[in-house]
Amino acid sequence: MAGLCGTIVSMRHDINIDDPRAPEMAEAIEKCVHCGFCLAACPTYKLLGEEMDSPRGRIYLMKTALEGRIDPADAQPYIDRCLGCMACVPACPSEVAYGDLLVGYRARQESQRERPPLDAMTRKMVIETLPYPRRFRLAARAGKLGKWLAPALPPTFSAMLDLLPSDLPPSQALPETLPAQGKRRGVVALLPGCAQQVLAPGINHAAARLLAANGVDVHVPRAAGCCGSILLHIGAEQEAQALARRNFAAIADDVDAIITTAAGCGSGIKDYPLLFKNQPEAAAAQSFAAKTMDFSAYLAGIGLRAPMQLPTDTRVVYQDACHLLHAQGHKAEPRALLREVGNLQLLEIADADTCCGSAGTYNIDQPEIASQLGARKAAAILSAQPDVVVSGNIGCITQIRQQLAQHTGAPPVRHIAQLLHSALP
Ligand code: SF4
Ligand code: SF4
């Protein structure tokens with residue numbers, strides 16, 4: 001804290017816990033100097049105006065809970081309201097690794113926490129269905145039939161139903177290999193993901209074809225699936241580990257990169273070293289995380305091979321996914337790709353770096369805050385008057401689509417890969 005004498009005081013702690021991630025959690029706490037620079041970047045602080053709903057407040061709560069000085073149940077509502085959007089990380093001059101603290105803390109608390117029955121049931125449904133495309137498709141179909149019940153259900157259930165699209169697209173399996181067109185410039189594995197395969201299978205198709213058209217061999221390993229990030233985000237550590245292990249076995253390490261088309265997946269995979277700390281798979285986790293790249297960052301890195309153009313003049317808003325912008329630091333790459341497309345006018349919106357409220361399963365767990373953030377995002381988008389909105393994350397796409405649907409004449413929302421694919425020569 002910058003005190004009256006102007007000295008900087010970092011946070012002392014007395015954390016004595018048996019947890020492999022204790023050093024990372026303690027380091028994040030120690031580095032915080034209470035300066036408060038992160039507060040203005042935090043969506044929940046901006047919305048709720050409470051210190052305990054800010055990064056600084058949450059760090060203090062996690063510290064005192066880990067020290068055993070407060071009942072973790074008292075801290076829990078504030079930690080649950082954290083989006084995990086990581087906007088506080090680039091805003092922090094002391095380089096506090098807030099994500100290391102939050103991931104470790106949530107995993108630890110989940111094993112010790114008692115949830116009310118309805119909460120526990122919602123969580124179980126998320127864990128048992130979202131990562132598995134077949135189960136999720138069945139659940140989504142059943143949920144679609146029950147949509148009319150939404151207003152009568154508790155908020156988390158009705159939020160789940162509201163997020164389901166009225167029509168699910170037919171499933172489209174990708175070929176196991178899409179060979180590079182022309183001279184080969186790279187070899188990648190495309191991580192097929194989970195819910196996105198059901199909600200928008202066209203995203204992976206567009207990404208794979210775009211990569212192949214740009215000289216990249218694309219492998220889609222049949223045995224690969226959900227990366228577990230959506231579960232890691234909610235502290236379901238063992239379930240996330242099981243899914244990650246399946247991908248370690250399924251994806252050969254002789255590729256240049258492992259490509260994700262959902263920002264949340266890429267960001268969660270970057271946490272694998274922490275997830276597998278001191279475990280036999282620690283080296284595999286390091287290597288997998290190091291090779292993982294977001295689709296737009298990889299494509300911008302190799303560069304578009306041929307000029308691309310949309311058929312007509314199109315005004316485009318690029319919506320930053322927090323897990324791409326803040327957690328992985330990719331602001332320039334998707335914009336650079338879009339700027340290369342003819343007939344495309346790229347528009348910037350107010351508060352572009354503030355979360356839309358999707359944040360993994362946040363719009364199910366905290367529907368009111370998510371809806372307020374979503375409404376703000378929709379208003380910012382509409383005031384730019386775009387013809388189309390693009391993003392690099394299925395969660396953001398679903399959330400923004402739902403919010404924009406409440407406005408007449410609102411623009412469609414697509415994945416950046418789909419828009420770029422439609423500009424191929
Ligand atoms: S900006 Fe960083 S050091 Fe300052 S209060 Fe926030 S987390 Fe702590
Ligand atoms: S992760 Fe996002 S919501 Fe959570 S404290 Fe940081 S800025 Fe706030």
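**View 1. The open five-stranded sheet of the predicted model.** The five strands of this open sheet follow the order E1-E3-E2-E4-E5 with mixed pairing, where strands (E, at least two residues) and helices (H or I, at least four) are DSSP runs numbered from the N terminus and two strands pair if DSSP finds at least two bridges between them. Strand E1 (177–178) and strand E5 (292–294) each have a single partner strand and stand at the edges, so one side of each is left without a neighbour in the sheet. Strand E2 (residues 186–190) runs parallel to strand E3 (residues 216–219), the two being paired over four bridges, and Ala189 stands opposite His219 in E3. This is a predicted model, in which local features need pLDDT of at least 70 and side-chain atom pairs count only at pLDDT 80 or more, whereas totals for chains, interfaces and linings use all residues. Residues are numbered from 1 along each chain as its sequence is written, while chains are lettered from A and ligands numbered from 1 in the order in which they are written.

View 2. The protein chain is divided into domain 1 (22–110), domain 2 (117–163), domain 3 (177–300) and domain 4 (307–421), with bounds that come from an automatic or database domain assignment. The centres of domain 3 and domain 4, taken over C-alpha atoms, are separated by 22 Å. In domain 3, 26 residues are in contact with 23 residues of domain 4, contact being defined by C-beta atoms, placed from the backbone, that lie within 7 Å. H11 gives the most to the side of domain 3 that touches domain 4, with six residues.

**View 3. The shell around ligand 1.** Among the 13 residues around ligand 1, Cys32, Cys35, Cys38, Arg56 and Cys92 come nearest; a residue is near a molecule if its C-beta atom, placed from the backbone, lies within 6 Å of it. The shell around ligand 1 holds nine nonpolar, three polar and one charged residues, with Ala, Val, Leu, Ile, Met, Phe, Trp, Tyr, Cys and Pro counted as nonpolar, Asp, Glu, Lys and Arg as charged, and the others, Gly among them, as polar.

**View 4. The shell around ligand 2.** Ligand 2 is surrounded by 14 residues, of which Cys42, Pro55, Cys82, Cys85 and Cys88 are the closest. Helix H2 (43–48) and helix H3 (55–66) each supply at least two residues of this shell, whose classes are 11 nonpolar, two polar and one charged.

Methods
Contact = placed C-beta atoms within 7 Å.
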